[in-house]
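Notebook open, viewer open. I want to know how this chain is put together, and I'll jot things down as I look them up.

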Amino acid sequence: VGLLIVLSYMILKPFLFVIMWGIIIAVGIYPLFKKLAALLGNRKKLASTIITLFALALLIVPSYFFFFFAIGGIKNLAAELEQGTFKVPPPSESVAEWPIIGKPVYEAWKLASVNLEGAIKAFEPQIKEFASNILSGILGLGSTILLTLVSIIIAGALMAKAESGEIVARKAFKILIGKKGEGFTELAGATIRSVVQGVLGVAFIQSLLSGIVMLIFNIPLAGLWAVIVLFLAIIQLPPLLILIPVAAYGFSILDTTSAIIFLVLCVFISISDAFLKPIFLGRGVDVPTLVILLGAIGGMMLAGVIGLFVGAVSATSIGSADF
């Protein structure tokens, strides 16, 4: 029996991430599925199909435009560099007054604006490493999007069979932890939905707002920066890590008033999670928001994106008075 368990795990291991992500998506959007199914006269398969197609479109369309603009921007940059038409605008004198990094940034920026070829040669190792990291990041993002597409399809199938899936989950938890298993099933589902709303939902809002603001102010590669903001927000790092450099660049291409407004909006977007998370995180769960947030962050550090949910469920079960 032990050998069969080990072999089964080894066979299914390549698919575990996709299946787990599909389960998380299904649990997270299940309330929406129930409402839609009720509106359609309890036609669950139709509701599941509509939600799946909508979710696929919601992922595919922005991804297409992101890769289209990102790859197009890189090609245009390469063509301008090859033709010698690419020009770097000179830095403002205020850049040199930035604390700690101001002087070296000003000198490197000024060199690039006066002698681009010399700047490229001077920073050739750093440019090669940065380009390699960007390429790896784009390829990694592509594989992640592909896996998410498969997970969405799995989530659609799971929602169509939600009732039987819930029965299996209740039986499994009852075997593992006894009489409290049924309550734990409800708690786990509520926690997953809470994290979807409070972590991924807030990250998506910050990323969307960042992209819209950058498009309004004509910041180059706005889609790329918005995706980076999404990634930073998911792993609980402040979006200002990327928005501040972008805002600093804004001072070189925008007039002073527009650049200041853009900077203020960037700061507001970055700190917006301070009031958005208390609104979304912990809804429907009788556990302090801080407990769920610590569990999600700890799980993320331990096991990546899936750890967001596993850690939050674990922390919630410990923090709940019922367990």
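**Confidence first.** This is a predicted model, so I began with pLDDT. The average over the chain is 76, and 74% of the residues score at least 70. Which helices mark the two ends of the confidence range? Helix α13 (residues 305–319) is lowest, with a mean of 65, and α10 is highest, at 87. Where pLDDT is low, predicted coordinates should not be read in detail. I put a note against α13, given its mean of 65.

**Overall make-up.** I counted elements next: 13 helices and zero strands. Of the 323 residues in the chain, 33% are buried. I looked up the accessible surface too, and it comes to about 19500 Å², with 73% of that belonging to carbon and sulfur atoms. For contacts with a separation of 6 or more, 63% are between residues 24 or more positions apart.

**The largest core.** The largest nonpolar core here has 21 residues, and the members touching the most others are Trp 21, Ile 25, Phe 33, Met 159 and Ile 234. Which helices supply at least two residues each? They are α1 (2–39), α2 (44–83), α5 (124–160), α7 (181–216) and α8 (222–234). Helix α1 gives the largest share, six residues.

I clicked on Phe 33 to list its partners. Leaving out residues up to four places away in sequence, Phe 33 touches Lys 44, Ala 47, Ser 48, Ile 51, Met 159 and Ala 160. There is also another core, apart from the largest one, with 16 residues that include Val 213, Phe 217, Ala 247 and Ile 269.

**Ser 210.** This serine sits in helix α7. Buried or exposed? Its relative accessible area is 1%, so I filed Ser 210 as buried. Beyond the residues up to four places away in sequence, Ser 210 touches Val 229, Leu 243 and Ile 269. I had already noted Ile 269 as a member of the 16-residue core.

**Helix α10.** I picked this one for its confidence, the highest in the chain at 87. Helix α10 covers residues 256–271, 16 residues, and its end-to-end C-alpha distance is 23 Å, close to the 22 Å expected at 1.5 Å a residue. Its buried residues are Ala 259, Phe 262, Cys 266, Ile 269 and Ser 270. Why do I call that one side? They cover an arc of only 95 degrees around the axis, so they sit on the same side of α10. Thr 256 and Thr 257 are exposed on the other side.

**Helix α3.** Helix α3 has 13 residues and reaches 18 Å from first C-alpha to last, close to the expected 18 Å at 1.5 Å a residue. Gly 102, Tyr 106, Trp 109 and Ala 112 are the buried ones. Looking down the axis, I find them within an arc of 130 degrees, so they line one face of α3. Lys 103 and Val 114 are exposed on the face turned away from that buried side.

**Helix α9.** This helix runs over residues 240–253, 14 residues, and spans 19 Å from first to last C-alpha, close to the expected 20 Å at 1.5 Å a residue. I listed the buried residues of α9 as Ile 242, Leu 243, Val 246, Ala 247, Ala 248, Gly 250 and Ser 252. Leu 243 was already on my page as a contact of Ser 210.

**Positive phi.** Most residues other than glycine have a negative phi, so I searched for exceptions. Asn 42 has a positive phi of about 65 degrees and lies in the loop between α1 and α2. Asn 42 is exposed, at 53% relative accessibility. Asn 218, in the loop between α7 and α8, has phi near 55 degrees, also positive. Its relative accessible area is 63%, so Asn 218 goes down as exposed.

**Lys 174.** Lys 174 is in helix α6 (residues 162–177) and counts as exposed at 56% relative accessibility. From Lys 174 to Phe 184 is ten residues in sequence and 8.9 Å in space, C-alpha to C-alpha.

Terms used: Residues are numbered from 1 along each chain as its sequence is written. This is a predicted model: local features need pLDDT of at least 70, side-chain atom pairs count only at pLDDT 80 or more; totals for chains, interfaces and linings use all residues. Side-chain values use heavy atoms; hydrogens and water are left out. Helices (H or I, at least four residues) and strands (E, at least two) are DSSP runs, numbered from the N terminus. Buried means under 20% relative accessible area, exposed over 50%, partly exposed in between (1.4 Å probe, protein chains only). Contact means heavy atoms within 4.5 Å. Accessible areas come from the Shrake-Rupley method with a 1.4 Å probe; for residues, only the protein chains shown count as cover. A nonpolar core is a set of buried Ala, Val, Leu, Ile, Met, Phe, Trp, Tyr and Cys residues joined through side-chain atoms within 4.5 Å. The expected span of a helix is 1.5 Å times one less than its number of residues. The arc is that of the directions from the helix axis to the C-beta atoms. pLDDT is the predictor's confidence in each residue, from 0 to 100.
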